Amino acid sequence: MAAARVLRSWSRSARHLSCVHHIQMCNSIHVVKPKYTCLFGYSSFKFSHPHRLLRTSSTINGQILQFKLSDIGEGITEVTIKEWYVKEGDTVSQFDSICEVQSDKASVTITSRYDGIIRKLYYAVDQIALVGKPLIDIETEALKDSEEDVVETPAVFHDEHTHQEIKGQKTLATPAVRRLAMENNIKLSEVVGTGKDGRILKEDILNYLAKQTGAILPPSPKSEIIPPLLKSETIQSIPVPVLKPKVFTGKDRTEPITGFEKAMVKTMTMAMKIPHFGYCDEIDLTQLVKLREELKPIALARGIKLSFLPFFLKAASLGLLQFPILNASVDENCQNITYKASHNIGIAMDTEKGLIVPNVKNVQLCSLFEIAIELNRLQKLGSANQLGTADITGGTFTLSNIGSIGGTYAKPLILPPEVAIGALGAIKGVPRFNEKGELIKVQIMNVSWSADHRIIDGATVARFSNLWKSYLENPASMLLELK
């Protein structure tokens with residue numbers, strides 16, 4: 001029978017106690033999961049961000065290691081493989097990107113812990129990977145004395161995965177560029193990027209490939225110029241065209257609902273169980289349009305893009321101070337209501353991945369410019385599909401800017417466990433009569449509110465809407481509130 005010995009080493013520091021259970025077996029390696037880990041030859045360290053535990057198992061000669069997908073938090077038990085950055089037979093180094101996976105919450109990039117050769121990929125793209133099951137097999141150099149330390153390998157969230165760590169250097173590249181490089185066996189570290197901050201573009205990969213192979217990229221095709229017919233060549237009689245039956249070879253396809261779409265299905269199904277009270281109104285934003293034009297140069301001098309949204313969010317926060325029930329949440333059976341202290345106001349965004357709702361935290365404490373800075377950050381990350389879990393969770397109230405698409409009125413659905421939502425229409429110049437009966441041009445925006453009618457009556461929604469409207473139609477009063 002194989003003999004086993006257990007070595008426990010303890011080290012103390014001024015603030016914490018670090019412990020590693022190191023187990024030596026003849027033909028297997030056991031996994032230990034301490035929060036603080038001490039490696040031979042390294043000092044104690046602690047991961048302060050979401051992480052995965054790298055579980056390993058080896059053959060008798062200790063050369064084949066197995067990655068297993070471990071718990072990534074939020075109660076997630078499965079993820080979807082969105083993209084492989086390696087293929088079987090590829091050589092990888094520590095911290096090279098292996099693959100990108102996506103849960104209902106966010107996208108995560110898995111990085112390599114070892115230098116070695118990829119021997120097996122357990123899943124194809126768009127397949128579901130289960131927590132605790134093998135992800136890849138990697139062949140490394142033989143282990144000495146059949147001993148190996150088990151560490152917690154940090155996961156890189158989507159808002160960090162646009163760069164690839166290669167031996168301490170950051171190579172900026174999108175997943176599509178990485179795939180192109182992988183398919184042509186090109187190391188990104190050998191390519192000079194011509195994009196912003198040295199980002200490697202598709203053209204850089206193609207130019208590098210052309211230099212290596214000696215190929216010349218073909219010029220762009222030119223349109224053939226057909227000279228007009230002379231009068232003598234004009235067709236005298238025009239035959240009646242005969243329409244031939246068209247043969248269409250396209251086929252229907254069925255795809256699984258995954259990622260953000262799967263999360264939306266769950267949320268909207270819950271939302272449809274809530275009785276909605278709807279209320280619509282129109283707001284005269286003529287004075288606000290003038291005020292924004294005066295503040296835009298000041299904001300631009302500070303590097304801030306000032307839209308109308310910061311005004312809408314701040315006016316909503318001032319209104320929620322007077323009607324806190326709209327900034328509340330209820331449990332699934334509507335037996336308890338929680339009044340939220342923070343005004344974390346979400347903004348619905350339409351992205352390539354679907355509808356996502358990041359939120360600006362603590363709007364009640366922020367100035368207009370501070371709200372604008374945070375909105376600029378969220379919109380930039382949303383466009384690049386790089387929003388993190390913290391950006392899209394914790395919302396207490398939501399505004400949906402349908403006006404950016406061109407709509408006027410809508411029937412917005414509440415996002416549980418929230419109890420209210422507003423939809424903002426497009427701002428349009430329309431004719432109106434003033435108090436003197438004169439026809440003038442004003443800037444009008446329509447707004448549509450929905451509230452949980454189980455706990456919020458229509459009068460409360462109307463009073464909140466009128467208060468929010470008064471701040472926007474008289475923006476000077478809103479600025480006074482901010483002093």
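Residues are numbered from 1 along each chain as its sequence is written, and side-chain values use heavy atoms, with hydrogens and water left out. Because the model is predicted, local features need pLDDT of at least 70 and side-chain atom pairs count only at pLDDT 80 or more, while totals for chains, interfaces and linings use all residues.

**View 1. Helices α5 and α6 pack against each other.** Two packed helices are described by the angle between their axes and the distance between the axes. Here α5 (residues 309–322) and α6 (residues 368–383) meet at about 120°, with axes 9 Å apart. Helices (H or I, at least four residues) and strands (E, at least two) are DSSP runs, numbered from the N terminus. Axes are lines fitted to C-alpha atoms, for helices over the stretch in contact, and angles run from 0 to 180 degrees between N-to-C directions. The pair is therefore oblique (under 35 degrees is roughly parallel, over 145 roughly antiparallel, 65 to 115 roughly perpendicular, and the rest oblique). From α5, the contact (heavy atoms within 4.5 Å) uses Leu 309, Pro 310, Phe 311, Leu 313 and Lys 314. From α6 come Leu 368, Ile 371, Ala 372, Leu 375 and Gln 379.

**View 2. A cis peptide bond links Pro 416 to Pro 417.** Most residues other than glycine have a negative phi, and most peptide bonds are trans. The bond shown here has omega near 10°. Look for Pro 417 in the loop between β22 (397–400) and β23 (420–433).

View 3. Asn 185 lies in the loop between α1 (175–183) and α2 (202–213), whereas Asn 385 is in the loop between α6 and α7 (389–392). Asn 185 is exposed at 61% relative accessibility, but Asn 385 is buried at 18%. Buried means under 20% relative accessible area, exposed over 50%, and partly exposed in between (1.4 Å probe, protein chains only).

**View 4. Four strands form an open antiparallel sheet.** Follow the strands in the order β4-β11-β9-β6. β4 (64–68) and β6 (91–92) stand at the edges with a single partner strand each, so one side of each has no neighbour in the sheet. Two strands pair if DSSP finds at least two bridges between them. Five bridges join β4 to β11 (residues 134–139), and Ile 64 stands opposite Glu 139 of β11.
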